[in-house]
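Subject: Handover of a structure for your review

Dear colleague,

Please find below the structure that I would like to pass on to you. My findings follow directly after it.

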Amino acid sequence: MTETVLEVHNLSKVFDLPRPFLEAVRMRPAQKLAAVDGVSLKIERRETLGLVGESGCGKTTLGRCIIRLYRPTEGRIVFEGEDITHKSPVEMQPIRRRMQVVFQDPYSSLNPRMTVRQTIIEVLRFHKICSPEEREAHLKNLLDMVGLSYEAANKFPRSFSGGQRQRIGLARSLAVRPTFLVADEPVSALDVSIQAQILNLLADLRAELGLTMLFIAHELSVVKHVSTRVAVMYLGEIVETGTTEEVFEESQHPYTQGLLSALPRPVPVRRHRQAALEGDIPSPLNMPSGCRFHPRCPIAQDICRTQTPPRRQLSQTHQLLCHLRPIPDWSGPTV
Amino acid sequence: MHKAGESGAGPAGWASSSMLLEVIGLTTEFRMPGGTIVANRNVSLSVERGKTLGIVGESGSGKSVFCRSILQLITSPPGYIVGGEVWFDGQDLLKLSEAEMQRIRGTEIAMVFQDPMTSLNPVWRIGDQVTEGPRVHEGLNGKQARERAVQLLRQVGIPSPEQRIQEYPHRLSGGMRQRVMIAMAIAARTKLLLADEPTTALDVTIQDQILALMLQLQEQVGMSIILVSHDMGIVAETSDRVAVMYAGEVMEQAPTEDVFRRPLHPYTLGLLHSIPRMEGKTERLIPIEGQPPNPLRLPKGCPFAERCPVATPDCAETPIRLREVEPDHYTACLYPERVSA
């Protein structure tokens, strides 16, 4: 039986860019940047949806809209059956007990002047998680859960390494016993040997606490490892989504395929003679016409330059935003 | 118990004539208020002409310090190169005067850094930066320099180079800036390119372009490359030889194929097990437990001993040395036979 934890309908986030002073005085309209443009997605209970894409594709903005750090410009966000699109920060407070976030940078997301104990007790107090007497036991339990010793409680963030700080960040997020976690590049700043420790920890916690996760990252191999389903973003849109197998083994979108073949693999084969995808990622201020990927697409046709591509359903779970794929002799199901 | 072929003075058995760079026993330390950090301890590595040496390691392993030591770009104090030889094309760079070294930097040996924005001068036009070397060393006039700049930018795949030479670095994307850096490197007919995490700040599709470009140029001009990276994948796909560094020392060194197919150091194996694989489904990663050692309090013996799953008590006590345990395959591990994938 599945239960939908999060539903996002047609979500857009448009930023007004800062104007030069004179432009503002003359009341000229600000330049608009559509970071997320008409994104829909669904996350079921206990699922981990991996959101992958290159810088500027809007994956972080989407994550921040979902946890309502940003106010969406358009669309709807439904969390555990409740529409949270227009909730005020005060109204969001009880909801934040159930949805939490872990950030990329374990250096700037912790207050350097607060000990680990203060950092975590503050959360417990603010959200009234337990009685004051129980707090210390709770703290001990949390530290244990993320693999830190109890002695860590008295220290300041500066005495910890990046991996340990990420553990502290996790303990803080889990202090409220959330059911849904948005992890925004949680291991990108870490060395590989430490990254593996944190990825295993996340897997354990997910199983232990029954967490549902939105896992945002740019490393394909990490996303493949942690996700049950994957969405690939490019310039504000989801261009392909499906189960992890569908996206990584049977990818149909030329962008997903390009990403996959651009990825260096730890297998000693001299493969690097020809780049998989040419060209730079266009600026979202100067969005290409038609299919946004067409300037870099190796198979683009005239139609791609002029018309917005249709969203095709290849299976119950596999969706694609492309004029030309699936290839004409596609034998799989098409809805 | 030391086997034949072991040598404190660089890997023996390499034909010296084919070597462009041979670094022997390089030791660089930083004298800090809290103590001395040995960032490179007795590092011996060589690069063949026209070939790529990949150096892989995590942050703090000393791989960047190695590159900077070759060029003597160590800020002193607190950094000092306290021992070793750096043989480049028949001369020991450590014996050269600062003026002679200055001539080699940016001409025969060029360096590309991780962050192209901080290594380009923001107030110089791109064309002027790219041709700074040739103008100084070859005495090109304005028109010649402009032609050379256009040709170089074209060679590194920058679109509309005629316009680009007039622009400033902030107008370029990260990938394009890195292309400019590479153009500067080849402008001077470089023999050795030191690329220190050249693609770490770039997106994966752009990284792919830059790596392809570097290898294409290498083929065209026949330069040698030292490619420093934390990414085992990049090293696997681009290098002829690989050196694995940890806590300032070389742990393992061999042809790429051998390092990946049959690692002979537990740290190398640990790194390989830590990476999620794209092939098949990895149920659980096998991380390296613990944290890298404090560089101020390194053990007398192997710096990896503390985290090593196959270490014995003598590992932390016995100073390590690279030795050849299989033909052309060097490891610093006392017990390479215990390393099994």
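Helix 10 of chain A and helix 9 of chain B cross in a left-handed sense. The model is a predicted one, and the geometry of this crossing was computed from its coordinates. Two packed helices are described by the angle between their axes and the distance between the axes. Here the angle between helix 10 of chain A and helix 9 of chain B, which spans residues 204–221, is about 50 degrees, and the two axes lie 9 Å apart. Angles of 65 to 115 degrees would count as roughly perpendicular and angles under 35 degrees as roughly parallel; helix 10 of chain A is therefore oblique to helix 9 of chain B.

Which residues make this contact? On the side of helix 10 of chain A they are A:Gly258, A:Leu259 and A:Ala262, and on the side of helix 9 of chain B they are B:Val204, B:Thr205 and B:Asp208. Sorted by class, the contact of these two helices has three nonpolar, two polar and one charged residues.

The interface between the chains

The contact between the two chains takes 36 residues from chain A and 40 residues from chain B. On the side of chain A that touches chain B, the elements that give two or more residues are helix 7 (192–209), helix 8 (220–226) and helix 10 (254–262). Helix 7 of chain A supplies the largest share of that side, with seven residues. In terms of class, the side of chain A that touches chain B has 16 nonpolar, 12 polar and eight charged residues.

Chain A as a whole

Chain A contains 11 helices and 12 strands. Its C-alpha atoms fill a box of roughly 70 × 60 × 40 Å along the principal axes. The radius of gyration of chain A is 22 Å, which agrees with the value near 20 Å that a compact globule of 335 residues would have. Of the 335 residues in chain A, 42% are buried. Where contacts in chain A join residues at least 6 apart in sequence, 64% of them link residues at least 24 apart.

A:Ala231 is placed in strand 9 of chain A, residues 229–234. Is A:Ala231 buried or exposed? The cut-off for a buried residue is 20 or more other C-beta atoms within 10 Å, and A:Ala231 counts as buried because it has 25 such neighbours. Leaving out residues up to four places away in sequence, A:Ala231 touches A:Leu41, A:Leu49, A:Leu51, A:Ile238 and A:Thr241. A:Gly279 is 48 residues from A:Ala231 along the chain, and their C-alpha atoms are separated by 23 Å.

A:Arg311 belongs to strand 11 of chain A, residues 311–313. With 15 C-beta neighbours inside 10 Å, A:Arg311 is classed as partly exposed. Beyond its neighbours within four places in sequence, A:Arg311 is in contact with A:Gln319 and A:Leu321. A:Val239 is 72 residues from A:Arg311 in sequence, yet the C-alpha atoms of this pair are 8.5 Å apart in space.

Backbone features to inspect

Most residues other than glycine have a negative phi, and most peptide bonds are trans. The following places depart from that pattern.

- B:Ser76 and B:Pro77 are joined by a cis peptide bond, with omega about -10 degrees. B:Pro77 sits in the loop between helix 1 (63–70) and strand 4 (79–88) of chain B.
- B:Pro77 and B:Pro78 are likewise joined by a cis peptide bond, with omega about 10 degrees. B:Pro78 is also in the loop between helix 1 and strand 4 of chain B.
- A:Arg177 has a positive phi, near 55 degrees, and is not a glycine. A:Arg177 lies in the loop between helix 6 (162–174) and strand 7 (180–184) of chain A, and its 13 C-beta neighbours inside 10 Å make it partly exposed.
- B:Asp328, again not a glycine, has a positive phi of about 65 degrees. B:Asp328 is located in the loop between strand 11 (323–326) and strand 12 (329–331) of chain B, and B:Asp328 is partly exposed, with 14 other C-beta atoms within 10 Å.

With kind regards

How values were computed
Residues numbered from 1 in each chain as written. Chains lettered and ligands numbered in written order. Predicted model: local features only at pLDDT ≥ 70, side-chain atom pairs only at ≥ 80, totals over all residues. Helix = DSSP H or I, 4+ residues; strand = E, 2+ residues; numbered from the N terminus. Rg over C-alpha atoms; globule rule 2.2 N^0.38 Å. Buried ≥ 20, exposed ≤ 12 C-beta atoms within 10 Å, placed from the backbone. Contact = placed C-beta atoms within 7 Å. Nonpolar A, V, L, I, M, F, W, Y, C, P; charged D, E, K, R; others polar. Axes fitted to C-alpha atoms, helices over the stretch in contact; angles between N-to-C directions. Parallel < 35°, antiparallel > 145°, perpendicular 65-115°, else oblique. Left-handed = near helix turned anticlockwise from the far one by under 90°.
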